[in-house]
Amino acid sequence: MTPTYYLLLSALLFSIGAVGVLVRRNAIVVFMCIELMLNAVNLTLVTFARINGGLDGQVMAFFVMVVAASEVVVGLAIIMSIFRTRRSSSVDDANLLKY
Amino acid sequence: MTALPMTALPMTASPMIHGVLAAATPVGQVSLGEAIAFWVLGPVALAGALGMVFARNAVHSALLLAVTMLSLGALYMVEQAPFLGFTQIIVYTGAVMMLFLFVLMLVGRDSSDSVVEVLRGQRLAAAVLGIGLAGLLVGALAGALPVAADVPIDANDVPAGNVGGLGKLIFTQYLFPFELTSALLITAALGAMLLAFSQSRNAAKKTQRETVEARLRGEHARISPLPGPGVFATSNSVATPALLPDGSVAPESLSELLETVPVTPSPPLEPLDARALTAARAERAAEKEEGE
């Protein structure tokens, strides 16, 4: 096998995450699918860093991790505040912004 | 390969090691151990991702995603990125997934997905799109990168290793983005605290004292609560209105839904002397004693 296989695995993981975002209705599960897509992109970055023999890709993956962590914090806070007002974490119920 | 500043650093034994490794495996091929690790961890990651999408229970989804992230972390370590591998395990499986689990438990474990399709045919379209995306990406990658030559990461050969190389890059070439992430993290923390606390303070229940003070300040329509229905010796029905001190009916105690029962004031009694009652009883008792 060659390092290209990692890229194929990452492409499959990204597609699965995209399908999950489209299919699932629970906001938290949708969020987890977004995390999966970010992870797949990280795998691509690490693999390209290894193919090119540099560390820049790993630095990018590191920054992606930082952004993902802060995104999770804010996103889960938004989901919690929506759940407090709507008593539901389904994305179908959040059809009004204010209430 | 020479784009990095640290490639100019002295490399002592690395060319010889790389020569030995290159001789051991054909060009473009990874070592046998790495292939075994990939074929074990890759299917585990794929199975975890598929299970996450198709699990009905959200907690199962979270745990399966943790499995995927763990195997991805191990794959990073295999791919000469040990720092990212450990960060993946600590940050993602340790912190992010546990945060997800906390929120899932707060929201309620049984808040499962609704099966109702809001948009007709949306699931089918999503599946077709997903398969198309996967086919496109995999096909393009397999066609474009037939044999990706595996260049050993030079920066890993500096004495400090992978972590030192990463640190050097972050604090020299990527210093400004790194400083920007601090602003991002502070903003995220502030935003999370704002979202978490602002609503809970507005929705906080008033204490009894605050309610009383608000009543006395005139923030309510009346100081006292509404009068309850009348409870009299003749009736204790909720349909009986309460009487005000002057004997008139208190209109606020009347229910709009129930037909009110009129209060019939009892006829005024003659003023009785309590001593007369007790005196009569005493006489009766005396008569009984005499009869015996």
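Residues are numbered from 1 along each chain as its sequence is written, and chains are lettered from A in the order in which they are written. Because the model is predicted, local features need pLDDT of at least 70 and side-chain atom pairs count only at pLDDT 80 or more, while totals for chains, interfaces and linings use all residues.

Select the interface in chain A. Here 65 residues of chain A are in contact with 76 residues of chain B (contact: C-beta atoms, placed from the backbone, within 7 Å). Helices α1 (4-23), α2 (27-52) and α3 (56-86) of chain A each give two or more residues to this side (helices are DSSP runs of H or I, at least four residues, numbered from the N terminus). The largest share, 22 residues, comes from α3(A).

Next, select L13(A), I28(A), M32(A), L36(A) and L65(B). Of the 70 residues in the largest nonpolar core, these touch the most other members (such a core is a set of buried Ala, Val, Leu, Ile, Met, Phe, Trp, Tyr and Cys residues joined through C-beta atoms within 7 Å; buried means 20 or more other C-beta atoms within 10 Å). α2(A) supplies the largest share of this core, 16 residues.

Centre on M32(A). Leaving aside neighbours within four places in sequence, M32(A) is in contact with M52(B), S61(B), A62(B), L65(B) and F100(B).

Finally, colour chain B by pLDDT (the predictor's confidence in each residue, from 0 to 100). The mean for chain B is 78, and 71% of its residues reach 70 or more. Over residues 1-24 of chain B the pLDDT is below 50. The model scores ipTM 0.92 and pTM 0.69.

Terms used:
Two residues are in contact if their C-beta atoms, placed from the backbone, lie within 7 Å. A residue is buried if 20 or more other C-beta atoms lie within 10 Å of its own, exposed if 12 or fewer, and partly exposed in between; C-beta atoms are placed from the backbone.
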